[in-house]
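Trainee: I would like to learn how to read a structural model with some care. Could we go through one together, feature by feature?

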Amino acid sequence: MGDGIIGKFIYFWAFIIGVIVFGKIFGFMSDTKTTIIILVAAALIYVVWVVGRTMAARRREEREWQEMQAKAAKRRGNKRR
């Protein structure tokens with residue numbers, strides 16, 4: 001569910017609602033200005049986290065693909081001897 005755009009949208013709003021709930025419980029959001037600052041910071045943190053995870057997954061896939069290609073080339077080289 002998290003790979004698609006709908007899943008990412010739902011997870012984002014779940015994260016923001018969680019920030020609001022915990023901010024209210026712990027008393028961090030006392031006025032409107034503080035609430036907006038916390039929510040903008042939370043949104044930026046979430047976006048950076050998602051972009052980082054996406055980039056890491058792409059690098060991991062590329063590395064696995066290169067390893068698979070290297071193994072295939074090695075197997076082809078062994079068969080020719």
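Trainee: How many helices and how many strands does the protein have?

Mentor: Before counting, note that this is a predicted model, in which local features need pLDDT of at least 70 and side-chain atom pairs count only at pLDDT 80 or more, while totals for chains, interfaces and linings use all residues. Residues are numbered from 1 along each chain as its sequence is written, and side-chain values use heavy atoms, with hydrogens and water left out. Helices (H or I, at least four residues) and strands (E, at least two) are DSSP runs, numbered from the N terminus; by that reading the protein has 2 helices and 0 strands.

Trainee: Why is the protein described as more spread out than a compact globule?

Mentor: The radius of gyration is taken over C-alpha atoms, and the globule rule is 2.2 Å times the number of residues to the power 0.38. Here the radius of gyration is 22 Å, well over the 12 Å that the rule gives for 81 residues, so the protein is more spread out than a compact globule. Along its principal axes, the C-alpha trace spans about 75 × 20 × 15 Å.

Trainee: What share of the 81 residues is buried?

Mentor: Buried means under 20% relative accessible area, exposed over 50%, and partly exposed in between (1.4 Å probe, protein chains only). In this model, buried residues make up 12% of the 81.

Trainee: Which residues make up the largest nonpolar core?

Mentor: In soluble globular proteins, nonpolar side chains tend to be buried together. A nonpolar core is a set of buried Ala, Val, Leu, Ile, Met, Phe, Trp, Tyr and Cys residues joined through side-chain atoms within 4.5 Å. The largest one here has 7 residues, namely Phe12, Ile16, Val19, Met29, Ala42, Tyr46 and Val50. Both α1 (5–26) and α2 (32–80) supply at least two residues of this core each.

Trainee: Which residues does Phe12 touch, once residues up to four places away in sequence are not counted?

Mentor: Contact means heavy atoms within 4.5 Å, and on that basis Phe12, whose place is in helix α1, touches Ala43 and Tyr46. The C-alpha atoms of Phe12 and Ala42, 30 residues apart along the chain, are separated by 9.8 Å. With the same exclusion of sequence neighbours, Ile16 touches Leu39, Ala42 and Ala43.

Trainee: Is Leu39 buried or partly exposed?

Mentor: Leu39, found in helix α2, is partly exposed, with a relative accessible area of 22%. Leaving aside neighbours within four places in sequence, Leu39 is in contact with Ile16, Val19, Ile20 and Met29.
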